[in-house]
Amino acid sequence: MSDHIPMRVAVVGATGHQGGATARLLAGRGHPVRTLSRRPGADRPALPGVLVIDGDLGRQEDVHRLFDGATHAVVTMPLVYEAEKVMRYAQHLAKAARESRLRRIVYNANTRMPSGTTRLAAFETRRLAETVLREGLADCGAELVVLRPPVYLDNLFSPWNGPALVDDGVLAYPLPEDSPVAWLSLSDLAGAVAAALTAEGVGGRSFDIGGARSLTGAELAEAFGRGLGRTVEYRPLGPEVFERTLARILGPASAHGVAGVYHFMAGRTEPLLMADDGGEWTKALDTAPAPVEEWVARQPWRTWSERPAQTAEPA
Ligand SMILES: NC(=O)c1ccc[n+]([C@@H]2O[C@H](COP(=O)([O-])OP(=O)(O)OC[C@H]3O[C@@H](n4cnc5c(N)ncnc54)[C@H](OP(=O)(O)O)[C@@H]3O)[C@@H](O)[C@H]2O)c1
């Protein structure tokens, strides 16, 4: 397949962060994109070139409407960690895919996947969705490609990290200092998804996607320092501290779901879980993510400064 083939792409979660980055990239390249949204129109972000259909993954008929006439689909599971609900969403997606003319589905698992089963919903609900999609699409015309990203750089361009980074040069994150992590930007995620929609010979495969190279905490801080033009120090944050903070925004259940990834990394069972794959995915999908410094330099960090302009260090 090639990117020049016209696609009509159904993107699950295009009003969200991950799906939004993908939908914007695909629509910007001229591909008709549609998505489902439960929100009233006024609460949706601007998505030029994206047809937003009122609907819910929890209703089979809505997922049918989403896939009707689409040639490709991109699936990201929302912030839901109840196994039954995730399974139902995946079943609806698989059934609609079987009964439509979809040629390929790219499933963004939104996390790396430990080699063995864990007790953590963050991993197991995403593994479950992948199994349901894989089994549901077996022997039908639609191919499945699975992408497993590590953590997103964009998590750091946030009210939690932005002010400390800009004003104090502190990068606090709930990952061990010495874990190599292939931090990925949402724009490079979108590039990976677009490539996975069209690359030849990758149907049925899974890729541990990630940034240009793995970085320890200190190396990430150095890369931020170069991008921000100031000294930056990495401070590992306890996953329980992270979970408590997140619970104030997302509520305890979702925060516990999200934090599962970080509790797992703190246990060091698979210290290389978030590392790069040695260049395998970029070769297979013929795409190249940007270095961290480039991403840092592109963000409007000043947005987060809580100090008057003349006293903040230059960023
Ligand atoms: N690896 C990482 O670093 C990382 C970072 C961030 C998030 N994540 C994970 O990725 C997942 C999604 O995160 P996100 O940041 O992209 O989420 P988000 O920005 O909150 O977006 C969620 C999207 O899903 C849609 N959605 C939710 N429930 C739906 C339903 N029942 N039917 C149809 N659409 C539905 C929402 O649409 P409407 O609201 O318009 O209906 C929205 O577009 C979460 O599991 C999160 O933990 C991973």
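These legends describe close-up views of a predicted model. Residues are numbered from 1 along each chain as its sequence is written. In this predicted model, local features need pLDDT of at least 70 and side-chain atom pairs count only at pLDDT 80 or more, while totals for chains, interfaces and linings use all residues.

**View A. The shell around the ligand.** The shell holds 25 residues, and Gly13, Gly16, Ser37, Arg38 and Pro78 come nearest (near: C-beta atom, placed from the backbone, within 6 Å). By class, 10 are nonpolar, 12 polar and three charged (nonpolar: Ala, Val, Leu, Ile, Met, Phe, Trp, Tyr, Cys, Pro; charged: Asp, Glu, Lys, Arg; polar: the others, Gly among them). α1 (17-28) and β2 (33-37) each supply at least two shell residues (helices: DSSP runs of H or I, at least four residues; strands: E, at least two; numbered from the N terminus). The largest share, three residues, comes from α1.

**View B. Helix α1 and its cover.** Nine of the 12 residues of α1 are buried (20 or more other C-beta atoms within 10 Å of the residue's own, all placed from the backbone). Among them are Gln18, Thr22, Arg24 and Leu26. The cover includes β1 (9-11), β2, β3 (50-54) and α6 (186-198). Gly30 follows α1, with a positive phi near 95°.

View C. Domain 1 spans 9-150 + 184-207; domain 2 spans 153-182 + 212-274 + 290-304 (bounds from an automatic or database domain assignment). The contact takes 17 residues from domain 1 and 16 residues from domain 2 (contact: C-beta atoms, placed from the backbone, within 7 Å). On the domain 1 side, α4 (121-137) and α6 give two or more residues each. α4 gives the most, three.

Key
Two residues are in contact if their C-beta atoms, placed from the backbone, lie within 7 Å.
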